[in-house]
Amino acid sequence: MNSFFDYHNDQVAKLPLHLKKYIIEQEYDKYTPVDHAVWRYVMRQNYSYLKNVAYYPYIPGLKKAGLTIEKIPSLQEINDALAAIEWGAVTVDGFIPPAAFMEFQAYRVLVIAADIRQLEHIEYTSAPDIIHESAGHAPIISDTKYNQYLSYLGSIGTKALFSSKDYALYESIRALSILKEIPNVDQKELADAEALVLYNQQNLGSPSEMALLSRLQWWTVEYGLIGSIDQPKIYGAGLLSSIGESASCMDPKVKKIEYTFDALSYSYDITKEQPQLFVTPTFQNLIDVLEQFESTMAYRVGGLESVSKAIECKNICTAVFSSGLQVSGVFSKVYTDAHQAIKYINTTGPTSLAFKDQLLQGHDVHYHAHGFGSPVGKLKDAKKSLEDYTAAELVSAGIIVDKAVKLAFENGILVEGKLVGQTFMEDKLVLLSFADCKVTDKEGQVFFEPAWGMFDMAIGDTIVSVFNGSADKNALEDQLYVSEQPTHQPNYTAKDLQYQWLFKQIRTYREQGKSDNSLNEIWQGIQNEFETDWLGAMELLELADTMPTQQALANELRAYLNAQSEKYPAYSKLISDGLKIIDAKLKFE
């Protein structure tokens, strides 16, 4: 990653290589004057409503995150502000996979989509954008309990197992969000994309750990309410950044439910307003519920069910033996004994071995390029676990380097070969290496043949933990998926550029002041060329309404906006809401 991207922020600088590949440059200059006007309109509307219903004091919260009402923030400004609470921020291209998003959070780095919603989608967009990510998420991060919850959620999210169907859903949601931001998109293509998302949502099967964790994130971080059921406050970023849903969510028809572990049973649809929302009494309660969920996860439970989840994942996972040895790869098979306990596991393709998240020397993905397999269990008639044998006890048991060794397991696995090496880590035997080795079970099934080369046998009575990704994050560079489909980037026409130029003139007037005449000139430019405009006229009215010499223009603009509201019903609420702020002469402080 180019050093430019770390923004002189310690948290961003600490990110591992496999996360840095998601980071893109913000390219602040690409934001147009219309983009800044969209930001300003949304932020003014948010303040108008959220100053009464948001959990945190809105303007102070924005300032603590390096944000203002007036313009789209730069990542440097955000990072300078978040550094005070040991957080950072980076920009990415639209949706990234949940596992990556969670891991950024674990590193206390806020992920912000670089794009901003189009004017046509000013009220709401299902695509992640800089309004949602920065104005929604960042201001509340200064709350200590809440940022503890976020990093905790991220840390267990990095371990959560996902299913192969989760990625199909992720890709379809990403594709739909991209299509929705393309001007004049083909309606059949859009309908097909919506149908695919719906199909994938309805055919996930039993939700994976990542799917369940995503539900908790959705009902808290994105759409959470806090306080009492009767008078809750908003803290969820999805609500805070939607000028439509932040108001409608308080309607009695949207059911309010106490936030407990039961929230896991509620799925969600990103394309629709939520039929119910969850209210937590405190942020500590979020942490308590998350602890309950964590206790059910494969990385805490281990065993056959957890390994089976890893096989369904079809991506890199790590299984931890009771000795502490960590096997990271794509798990392909698990064999069980008569008691349904694991007796043998296999990975396929590049696999690495580690201990306490550090690669074992000589056991990287190049050495185990074609997979790995090992028995799991206790030796027959042994008085103690093999992992607890000392070097002297191995010799006493006839397990001697450079000698032929036969190991019979309680579960029927038989390992026969010449022992050529043994590996201890912190007084635990974690690996025995054999040449000319054959591994079978009492049914005659062959697990390893001498012709296959060296047999490295993992040591452990049980699999105590299974989690997503590799143990040593540097051992497998491509363990996190990056979509090949980029977000849509607009190509501006000459007319688009003319419209943007007019908005630039409005901003210059507001910030620097010019002759009163220039307002009329800008207004003529809009009126003559842009018949569907409402936002430019709204910004001009905001200025003219405060100037005694411009009351005739103000009246003309107000009449125009009212006419636009009648002519274009889709603009009616936007225009009405904008006029309310102007008429209330709201102070943004």
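In strand β2, T91 is the bridge partner of I24. Helix α5 (residues 75-82) packs on the sheet and touches β2 and β3, where contact means heavy atoms within 4.5 Å. The direction of α5 makes about 155° with that of β2. Such angles run from 0 to 180 degrees between N-to-C directions, and the axes are lines fitted to C-alpha atoms, for helices over the stretch in contact. The model is predicted: local features need pLDDT of at least 70, side-chain atom pairs count only at pLDDT 80 or more, and totals for chains, interfaces and linings use all residues. Residues are numbered from 1 along each chain as its sequence is written, and side-chain values use heavy atoms, with hydrogens and water left out.

The sheet that holds β2 is open. Its three strands follow the order β1-β2-β3, with mixed pairing. β1 (23-24) and β3 (109-113) stand at the edges, each with a single partner strand, so one side of each has no neighbour in the sheet. β1 and β2 (residues 88-92) run antiparallel and are joined by two bridges. Two strands count as paired if DSSP finds at least two bridges between them. Helices (H or I, at least four residues) and strands (E, at least two) are DSSP runs, numbered from the N terminus.

A second open sheet has four strands. Their order is β5-β4-β7-β6, and the pairing is again mixed. Here β5 (232-234) and β6 (255-258) are the edge strands, and each pairs on one side only. From one strand to the next, the twist averages 40°. Four bridges join β6 to β7 (residues 276-280), and these two strands run parallel. Within β7, F278 is the bridge partner of I257.

The whole structure was also searched for cavities. Four of 30 Å³ or more were found. A cavity is a set of points, on a 1 Å grid over the protein atoms alone, where a 1.4 Å probe fits but cannot get out; lining residues have an atom within 4 Å of a point. Grid points are joined across faces, edges and corners, and a volume is the space filled by probe spheres set on the points. The largest cavity has a volume of about 90 Å³.

Three helices, α3 (33-53), α20 (535-544) and α22 (572-584), each supply at least two residues of its lining. α3 gives the most, with five residues. Among the lining residues are A37, R40, Y41, L535, E539 and I582. The lining divides into six nonpolar, two polar and four charged residues. Ala, Val, Leu, Ile, Met, Phe, Trp, Tyr, Cys and Pro count as nonpolar, Asp, Glu, Lys and Arg as charged, and the others, Gly among them, as polar.

How values were computed:
On a 1 Å grid over the protein atoms alone, a cavity is a set of points where a 1.4 Å probe fits but cannot get out, and a pocket is an open set with protein on both sides within 12 Å along at least five of seven lines; lining residues have an atom within 4 Å of a point.
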